[in-house]
Amino acid sequence: MQTKILSTSEYDIALAGKILSEGGLVAFPTETVYGLGANALDETAVKNIYRAKGRPSDNPLIVHIAKKEDIVPLVKEVTPDAQALIDEFFPAPLTVILPKSERIGSVVSGGLDTVAVRMPENETARRLIKAAGCPIAAPSANTSGLPSPTKAKYVIDDMSGKIDAIIDGGDCKFGVESTVITLATDIPTILRPGAVTKEMIEAVIGPVQVAPAVLEGMKNDEVAASPGMKYKHYAPKARVIIVDADKKTYEDFVNSRQDAFALCFEGDNVKIPKLTYGRENDDLSQARELFDALRRLDEMGAKKVYARIPHTTGVGMAVYNRLIRAAAFNIIDLKKPFFIGLTGQTGAGKGYVCKYLSRLGFNVLDTDKYVKKIYENNPGITSRLVCEFGNDIMVNGVLDKKALAKTAFSSKENTEKLNRIVHPEVIALCERDARPLAVLDAPQLFEAKAQDKCYKIICVTAPYDVRLKRITERDGITIEQAQARINAQLDEDYYINNSDFVVKNNGEDIEIQIDNILEEIL
């Protein structure tokens, strides 16, 4: 098939309208993104949209109209809330969902009993609908899953040879698809955020809710009630990872990486290859530039991209919604003090893992060293330990750490007493010294209730006899004392079940295991 490239002239618009009326496919500009249109009342033509895009057939389409009153034949009823939104916003980047009339087939609606309708603000789009003489069903004019096209050249790249015509109408105004709100539920619900914000809608019809899938993704058994709700969507070929951090932390993090690109805001001090998508406090500029930036990253050959997170209010919610799907919900949370929590039973071999992570540039914080500092430099802690365990733990006015260990690890009850005194101080000192990519080396991570301060948790395991031998040789204690220490800790299953990753110190290559874990995390 030879795809015609058309202008916005009267002749070309009339030609495109004729193509649509005869069952053909035409890509056209809107104020949001380019759409791929077919006669919404022609089921065969609509099926060809799915075929051209490679789009799943359970993903409903939006029906575009030229005049406000054109919605009436397409729905069972224009409800008062729907009429209020139509009167206030249409034409606009806003789509309303209502129970469909018999004129709307199952292909357009994705098998649902509702239909999504909008009246585009873009004048070229409305002229085309009028020329076609029918409502136009249109998703974004891209290969399914890729970033939506905001420029005609991307439509040409994706759709040439697959559709009848493409109207080149220049760059799109907003850059993200329309807001979608369903009015077919008890409470009006935003299914996809866009340039018409939740606050703007509530000013017209009162309280609305935002579907959980907007920011968290669809559940496994959830049916997509709107376009753009799929788990992975809008994605470039590059792997995108969102970095949740303030400006300085983001800059420090990406500047420590050598194997990736950055997708950041104008003015960010980034030294690796980068593209910007708008200004930090300008939602509309981010929306306009996001999809174009994702496309350009592929053109630049990016394989891995660290994207700075936008906020989730106003139009920023729409930007975040598109970006999190482009990243398939991969987020690195650097707001937590510790990038990795490293734990495991005593004698498992965490020390070797720590040395390897240090060589890779991670900031390893050894809680055992902080405990020693506290014992030596914090008389208040020493006094509390004496009150709890007695004067036998002191020798010549100095804390005897071996005597303390003997008493504290003699039972789980005594171990818990020690933890309550020491752990809060240790974690506070570690937080003070943490910097990006900090690793909290904490044998008693869970006992200290520090797991929520870590982005990811790795535990190290080793066979019981190996740990027993290692402890006795390392600390110069008897087998009975070593057994008491092991018995005072949580069991191995607890560590495994409450960690994100497990390193097995049982003869397998530890460095390869760590490399594989870091590849997944980073």
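Me: How many disulfides does the structure hold?

Reply: A disulfide is a pair of cysteine sulfur atoms within 2.5 Å. The structure holds zero. This is a predicted model, in which local features need pLDDT of at least 70 and side-chain atom pairs count only at pLDDT 80 or more, while totals for chains, interfaces and linings use all residues. Residues are numbered from 1 along each chain as its sequence is written, and side-chain values use heavy atoms, with hydrogens and water left out.

Me: Is Cys 264 buried or exposed?

Reply: Buried means under 20% relative accessible area, exposed over 50%, and partly exposed in between (1.4 Å probe, protein chains only). Cys 264 is buried at 0%, and Cys 134 is buried at 9%.

Me: Which residues touch the most other members of the largest nonpolar core?

Reply: In soluble globular proteins, nonpolar side chains tend to be buried together. A nonpolar core is a set of buried Ala, Val, Leu, Ile, Met, Phe, Trp, Tyr and Cys residues joined through side-chain atoms within 4.5 Å. Here the largest has 47 residues, and Leu 36, Leu 85, Leu 94, Ile 181 and Ile 201 touch the most other members.

Me: Where does Thr 95 lie?

Reply: Strands (E, at least two residues) are DSSP runs, numbered from the N terminus. Thr 95 lies in strand β5, residues 94-99, and is buried at 0% relative accessible area.

Conventions:
Helix = DSSP H or I, 4+ residues; strand = E, 2+ residues; numbered from the N terminus.
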